[in-house]
Amino acid sequence: MKKLPPLNALRAFDAAVRTGSFTRAAESQHVTQGAISRQIKQLEDWLGKPVFVRHYQGLTLTPAGSLLAQSLDAAFGTIQDAVEQ
């Protein structure tokens, strides 16, 4: 089996993508903003590239982040469908 990034980092990334901010992602995951930030940093370190461009007004996905977000949306959707069945 291929090595995957940490699941908590992927969950934090998915929450940040959905909410558009680390603060709102933290609220949705019931953790601190710092915890989300550390998870995103861990993911970026694991990937060796940034997934977000951070702005004062919010976040913008990098090309790598956009590809990962699309893949995660499909993967998490598949898992949700399997659980519901």
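Helix α1 has 13 residues, which at 1.5 Å a residue should span 18 Å; the end C-alpha atoms of α1 are 18 Å apart, so the two values agree. The expected span of a helix is defined as 1.5 Å times one less than its number of residues. Helices here are DSSP runs of H or I with at least four residues, strands are runs of E with at least two, and both are numbered from the N terminus. The model is a predicted one, in which local features need pLDDT of at least 70 and side-chain atom pairs count only at pLDDT 80 or more, whereas totals for chains, interfaces and linings use all residues. Residues are numbered from 1 along each chain as its sequence is written, and side-chain values use heavy atoms, with hydrogens and water left out.

Within α1, the residues A9, L10, A12, F13, D14, A15 and A16 are buried. Buried denotes under 20% relative accessible area, exposed over 50%, and partly exposed the range in between, with a 1.4 Å probe and protein chains only. The cover over these buried residues of α1 includes α2, α3, β1, β2 and α4, where contact means heavy atoms within 4.5 Å. Just after α1, G20 adopts a positive phi of about 80°.

Which residues have the most contacts inside the largest nonpolar core? They are F13, I36, I40, F52 and L68, in a core of 17 residues. Such a core is a set of buried Ala, Val, Leu, Ile, Met, Phe, Trp, Tyr and Cys residues joined through side-chain atoms within 4.5 Å. At least two residues of this core come from each of α1 (7–19), α2 (22–29), α3 (33–47) and α4 (63–84). The most is given by α1, with six residues. In soluble globular proteins, nonpolar side chains tend to be buried together.

Rings of Phe, Tyr and Trp (its six-membered ring) pair if their centres lie within 6.5 Å; planes under 30 degrees apart count as stacked, over 60 as edge-to-face and the rest as tilted. By this rule there are two aromatic pairs. F13 and F52 form a tilted pair, 5.4 Å centre to centre and with 45° between the planes. Because F13 lies in helix α1 and F52 in strand β1 (residues 52–55), the pair ties together parts that are 39 residues apart in sequence. Both F13 and F52 are buried. The rings of F22 and F52 have centres 5.8 Å apart and planes at 75°, so this pair is edge-to-face. With F22 in helix α2 and F52 in strand β1, the pair ties together parts that are 30 residues apart in sequence. F22 counts as buried at 8% relative accessibility, and F52 is buried with a relative accessible area of 4%. Leaving out residues up to four places away in sequence, F52 touches F13, A16, V17, F22, I40, E44, L59, T60, L61 and T62.

Helix α4 has 22 residues and reaches 32 Å from its first C-alpha to its last, close to the 32 Å expected at 1.5 Å a residue. Its residues G65, L68, A69 and L72 are buried. Seen down the axis of α4, these buried residues fall within an arc of 105°, so they line one face of the helix; the arc is that of the directions from the helix axis to the C-beta atoms. They pack against α1, α3 and β2 (58–61). On the other side of α4, P63, L67, Q70, D73, T78 and A82 are exposed.

In helix α3 lies Q42, which is partly exposed with a relative accessible area of 35%. Leaving aside neighbours within four places in sequence, Q42 is in contact with P6 and A9. In the loop between α2 and α3 is H30, which has a positive phi of about 60° although it is not a glycine. H30 is exposed, with a relative accessible area of 74%.

Finally, the chain as a whole may be considered. The protein chain has four helices and two strands, and from the N terminus on its elements run α-α-α-β-β-α. Buried residues make up 31% of its 85 residues.
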